[in-house]
Amino acid sequence: MVKIAPSLLAANYLKIGDEIARMRDAGADWLHFDVMDGMFVPNISFGQGILKAAAGSGMLPCDAHLMIEKPERYIEEFASAGAKVITVHAEATNHLNRVLNQIRECGCLAGVALNPATSPECLRYVLGDFDLALVMTVNPGFGGQKMIPAAVEKIAEIDGMLRQAGIHAEIEVDGGVNESNAPMLIAKGATVLVAGSALFRAADAASFIRSVKK
(Lines give C-alpha, C1' and ligand atoms only; values in the text may rest on other atoms or scores of the structure.)
Protein backbone atom coordinates (compact mmCIF):
# COMPACT_ATOMS: atom_id res chain seq x y z
CA MET A 1 0.00 0.00 0.00
CA VAL A 2 1.17 3.52 -0.74
CA LYS A 3 2.75 5.44 2.14
CA ILE A 4 1.76 9.00 3.03
CA ALA A 5 4.47 11.36 4.30
CA PRO A 6 3.11 14.70 5.54
CA SER A 7 5.54 17.56 4.86
CA LEU A 8 6.24 19.43 8.08
CA LEU A 9 6.92 22.52 5.97
CA ALA A 10 3.13 23.01 5.75
CA ALA A 11 2.45 22.55 9.47
CA ASN A 12 1.55 25.19 12.04
CA TYR A 13 4.98 25.93 13.50
CA LEU A 14 3.52 27.15 16.79
CA LYS A 15 2.01 23.69 17.34
CA ILE A 16 4.61 21.35 15.85
CA GLY A 17 4.11 18.58 18.40
CA ASP A 18 0.34 18.71 18.05
CA GLU A 19 0.61 18.73 14.26
CA ILE A 20 2.81 15.64 14.23
CA ALA A 21 0.40 13.84 16.57
CA ARG A 22 -2.51 14.89 14.36
CA MET A 23 -0.83 13.38 11.30
CA ARG A 24 -0.01 10.18 13.17
CA ASP A 25 -3.58 9.83 14.36
CA ALA A 26 -4.83 10.50 10.82
CA GLY A 27 -2.92 7.47 9.52
CA ALA A 28 0.30 8.95 8.11
CA ASP A 29 3.26 6.60 7.63
CA TRP A 30 6.32 8.88 7.65
CA LEU A 31 7.02 12.49 8.57
CA HIS A 32 8.76 14.40 5.77
CA PHE A 33 11.36 17.03 6.68
CA ASP A 34 12.30 19.51 3.95
CA VAL A 35 15.75 20.63 5.08
CA MET A 36 16.78 23.80 3.22
CA ASP A 37 20.09 25.67 3.43
CA GLY A 38 19.38 28.91 1.55
CA MET A 39 21.94 27.92 -1.11
CA PHE A 40 20.70 24.87 -2.97
CA VAL A 41 17.22 26.38 -2.60
CA PRO A 42 16.29 29.98 -1.75
CA ASN A 43 14.77 29.32 1.67
CA ILE A 44 16.09 28.13 5.03
CA SER A 45 13.99 25.68 7.05
CA PHE A 46 14.60 22.95 9.61
CA GLY A 47 17.78 21.54 11.07
CA GLN A 48 18.82 18.51 13.05
CA GLY A 49 17.31 19.78 16.32
CA ILE A 50 13.70 19.73 15.11
CA LEU A 51 14.16 16.32 13.53
CA LYS A 52 15.76 14.94 16.70
CA ALA A 53 12.80 16.14 18.78
CA ALA A 54 10.30 14.60 16.37
CA ALA A 55 12.21 11.33 16.09
CA GLY A 56 12.56 11.16 19.86
CA SER A 57 8.81 11.37 20.27
CA GLY A 58 8.48 8.05 18.45
CA MET A 59 5.28 9.21 16.75
CA LEU A 60 6.35 8.74 13.12
CA PRO A 61 9.50 7.62 11.26
CA CYS A 62 11.40 10.67 9.99
CA ASP A 63 12.12 11.12 6.28
CA ALA A 64 14.86 13.76 5.90
CA HIS A 65 14.95 15.42 2.47
CA LEU A 66 18.23 17.33 2.36
CA MET A 67 17.90 20.23 -0.07
CA ILE A 68 21.41 21.39 0.75
CA GLU A 69 24.76 21.81 -0.97
CA LYS A 70 27.35 19.11 -0.25
CA PRO A 71 25.00 16.98 1.87
CA GLU A 72 27.83 14.60 2.73
CA ARG A 73 28.84 17.11 5.44
CA TYR A 74 25.67 16.40 7.45
CA ILE A 75 24.73 12.77 6.85
CA GLU A 76 26.07 11.51 10.17
CA GLU A 77 24.37 14.34 12.08
CA PHE A 78 20.93 13.64 10.61
CA ALA A 79 21.40 9.91 11.14
CA SER A 80 22.34 10.53 14.77
CA ALA A 81 19.29 12.78 15.13
CA GLY A 82 17.08 9.81 14.30
CA ALA A 83 16.27 9.98 10.59
CA LYS A 84 15.00 6.71 9.12
CA VAL A 85 15.39 7.88 5.52
CA ILE A 86 17.95 10.42 4.28
CA THR A 87 17.54 11.72 0.74
CA VAL A 88 20.09 13.84 -1.10
CA HIS A 89 19.79 15.60 -4.43
CA ALA A 90 21.73 14.23 -7.39
CA GLU A 91 22.41 17.85 -8.35
CA ALA A 92 23.89 18.78 -4.95
CA THR A 93 26.90 16.47 -4.76
CA ASN A 94 29.77 15.51 -7.05
CA HIS A 95 29.97 12.01 -5.59
CA LEU A 96 26.45 10.57 -5.48
CA ASN A 97 27.51 6.93 -5.16
CA ARG A 98 29.74 7.75 -2.21
CA VAL A 99 27.06 9.75 -0.39
CA LEU A 100 24.41 7.05 -0.84
CA ASN A 101 26.79 4.47 0.62
CA GLN A 102 27.57 6.87 3.46
CA ILE A 103 23.85 7.06 4.29
CA ARG A 104 23.50 3.28 4.35
CA GLU A 105 26.62 2.92 6.50
CA CYS A 106 24.88 5.16 9.05
CA GLY A 107 22.00 2.68 9.20
CA CYS A 108 19.47 4.74 7.21
CA LEU A 109 17.60 4.13 3.99
CA ALA A 110 19.33 6.04 1.19
CA GLY A 111 17.33 8.26 -1.13
CA VAL A 112 18.23 10.23 -4.24
CA ALA A 113 16.09 13.19 -5.34
CA LEU A 114 15.74 14.62 -8.84
CA ASN A 115 14.66 18.18 -9.62
CA PRO A 116 11.96 18.56 -12.32
CA ALA A 117 14.50 19.25 -15.09
CA THR A 118 16.89 16.44 -14.10
CA SER A 119 16.81 13.30 -16.24
CA PRO A 120 16.21 9.99 -14.48
CA GLU A 121 19.04 8.55 -16.59
CA CYS A 122 21.50 9.53 -13.87
CA LEU A 123 19.93 6.85 -11.67
CA ARG A 124 21.23 4.09 -13.96
CA TYR A 125 24.70 4.65 -12.60
CA VAL A 126 23.67 4.17 -8.98
CA LEU A 127 21.12 1.37 -9.36
CA GLY A 128 21.36 -0.81 -6.30
CA ASP A 129 22.89 2.00 -4.23
CA PHE A 130 19.62 3.66 -3.22
CA ASP A 131 16.46 2.56 -1.44
CA LEU A 132 14.27 5.44 -2.59
CA ALA A 133 14.04 7.71 -5.64
CA LEU A 134 12.35 11.05 -4.97
CA VAL A 135 10.71 12.70 -7.98
CA MET A 136 10.30 16.42 -7.43
CA THR A 137 7.19 17.55 -9.29
CA VAL A 138 7.77 21.19 -8.34
CA ASN A 139 10.99 23.16 -8.13
CA PRO A 140 12.17 22.75 -4.53
CA GLY A 141 12.29 25.54 -2.00
CA PHE A 142 8.67 26.62 -1.55
CA GLY A 143 5.48 24.94 -0.40
CA GLY A 144 2.07 25.23 -2.03
CA GLN A 145 3.24 25.08 -5.66
CA LYS A 146 1.33 23.52 -8.55
CA MET A 147 2.59 20.25 -9.98
CA ILE A 148 4.71 20.40 -13.14
CA PRO A 149 3.09 17.90 -15.56
CA ALA A 150 6.31 17.10 -17.46
CA ALA A 151 8.02 16.00 -14.26
CA VAL A 152 5.29 13.47 -13.55
CA GLU A 153 6.32 11.35 -16.54
CA LYS A 154 9.58 10.47 -14.79
CA ILE A 155 7.70 8.33 -12.27
CA ALA A 156 6.87 5.67 -14.86
CA GLU A 157 10.39 5.90 -16.35
CA ILE A 158 11.98 5.20 -12.99
CA ASP A 159 9.51 2.42 -12.22
CA GLY A 160 10.37 0.76 -15.54
CA MET A 161 14.09 1.18 -14.92
CA LEU A 162 13.84 -0.50 -11.50
CA ARG A 163 11.70 -3.35 -12.80
CA GLN A 164 14.07 -4.00 -15.70
CA ALA A 165 17.01 -4.17 -13.30
CA GLY A 166 15.10 -6.37 -10.86
CA ILE A 167 15.65 -3.87 -8.05
CA HIS A 168 13.13 -2.81 -5.43
CA ALA A 169 13.16 0.80 -4.28
CA GLU A 170 10.47 3.19 -3.17
CA ILE A 171 9.41 5.91 -5.60
CA GLU A 172 8.49 9.02 -3.67
CA VAL A 173 6.73 12.04 -5.19
CA ASP A 174 6.93 15.52 -3.70
CA GLY A 175 5.18 18.65 -4.98
CA GLY A 176 1.54 19.54 -5.47
CA VAL A 177 0.18 16.18 -4.32
CA ASN A 178 -3.55 16.19 -3.56
CA GLU A 179 -6.56 13.89 -3.56
CA SER A 180 -7.27 14.56 -7.24
CA ASN A 181 -3.86 13.66 -8.68
CA ALA A 182 -2.81 10.96 -6.19
CA PRO A 183 -4.47 8.08 -8.12
CA MET A 184 -2.59 9.06 -11.28
CA LEU A 185 0.73 9.21 -9.42
CA ILE A 186 0.16 5.80 -7.86
CA ALA A 187 -0.82 4.33 -11.23
CA LYS A 188 2.50 5.51 -12.66
CA GLY A 189 4.43 3.73 -9.92
CA ALA A 190 4.62 6.05 -6.92
CA THR A 191 4.79 4.23 -3.58
CA VAL A 192 5.33 7.18 -1.21
CA LEU A 193 3.45 10.48 -1.54
CA VAL A 194 4.61 13.63 0.22
CA ALA A 195 1.59 15.78 1.00
CA GLY A 196 1.97 19.32 2.27
CA SER A 197 -0.53 22.15 2.03
CA ALA A 198 -3.37 19.99 0.71
CA LEU A 199 -3.12 17.62 3.67
CA PHE A 200 -2.47 20.07 6.51
CA ARG A 201 -5.25 22.37 5.30
CA ALA A 202 -7.74 19.58 4.70
CA ALA A 203 -10.91 19.74 6.78
CA ASP A 204 -10.32 16.11 7.78
CA ALA A 205 -6.75 14.83 7.54
CA ALA A 206 -7.76 11.23 8.21
CA SER A 207 -10.30 11.34 5.39
CA PHE A 208 -7.65 12.80 3.05
CA ILE A 209 -5.21 9.99 3.84
CA ARG A 210 -7.85 7.26 3.55
CA SER A 211 -8.97 8.67 0.20
CA VAL A 212 -5.43 8.75 -1.18
CA LYS A 213 -4.56 5.25 0.03
CA LYS A 214 -7.77 3.82 -1.40
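Reader: How many nonpolar, polar and charged residues line the second largest pocket?
Author: This is a predicted model, so local features need pLDDT of at least 70 and side-chain atom pairs count only at pLDDT 80 or more, while totals for chains, interfaces and linings use all residues. Residues are numbered from 1 along each chain as its sequence is written, and side-chain values use heavy atoms, with hydrogens and water left out. Ala, Val, Leu, Ile, Met, Phe, Trp, Tyr, Cys and Pro count as nonpolar, Asp, Glu, Lys and Arg as charged, and the others, Gly among them, as polar. Sorted this way, the lining of the second largest pocket has seven nonpolar, three polar and three charged residues.

Reader: What is the volume of the second largest pocket, and which lining residues are closest to its centre?
Author: A pocket here is an open set of points on a 1 Å grid over the protein atoms alone, where a 1.4 Å probe fits, with protein on both sides within 12 Å along at least five of seven lines; lining residues have an atom within 4 Å of a point. Points are joined across faces, edges and corners, and the volume is the space filled by probe spheres set on them, which for this pocket is about 150 Å³. Of its 13 lining residues, the closest to the centre are Val35, Met36, Asp37, Phe46 and Ile68.

Reader: How many disulfides are there?
Author: A disulfide is a pair of cysteine sulfur atoms within 2.5 Å. For Cys62 the nearest cysteine sulfur, that of Cys108, is 11 Å away, and for Cys106 the nearest, again that of Cys108, is 6.2 Å away. The count is zero disulfides.

Reader: Is Cys62 buried or exposed?
Author: Buried means under 20% relative accessible area, exposed over 50%, and partly exposed in between (1.4 Å probe, protein chains only). Cys106, at 29%, counts as partly exposed. Cys62 has a relative accessible area of 2%, so Cys62 is buried.

Reader: Which residues have the most contacts inside the largest nonpolar core?
Author: A nonpolar core is a set of buried Ala, Val, Leu, Ile, Met, Phe, Trp, Tyr and Cys residues joined through side-chain atoms within 4.5 Å. The largest one has 65 residues. Those with the most contacts inside it are Phe33, Leu66, Ile86, Leu123, Phe130, Leu185 and Leu193.

Reader: Which residues does a second, separate core include?
Author: This core is made up of 10 residues. They include Trp30, Leu134, Val138 and Val192.

Reader: What is Phe33 in contact with, leaving aside neighbours within four places in sequence?
Author: Contact means heavy atoms within 4.5 Å. With those neighbours set aside, the partners of Phe33 are Leu8, Phe46, Ile50, Leu51, Ala54, Cys62, Asp63, Ala64 and His65.

Reader: Which elements are included in what covers the buried residues of H1?
Author: Helices (H or I, at least four residues) and strands (E, at least two) are DSSP runs, numbered from the N terminus. In helix H1 (residues 16-26), the buried residues are Ile16, Glu19, Ile20, Ala21, Met23 and Ala26. Their cover includes strand E1 (3-6), strand E2 (31-36), helix H2 (48-57), helix H7 (197-200) and helix H8 (205-213).

Reader: Which residues does Ala26 touch, not counting those up to four places away in sequence?
Author: Ala26 lies in helix H1 and is buried, with a relative accessible area of 10%. Beyond its sequence neighbours, Ala26 touches Ala205, Ala206 and Ile209.

Reader: What is the phi of Lys70?
Author: Lys70 lies in the loop between strand E3 (62-67) and helix H3 (75-81). Most residues other than glycine have a negative phi. Lys70, a residue other than glycine, has a positive value, near 50°.
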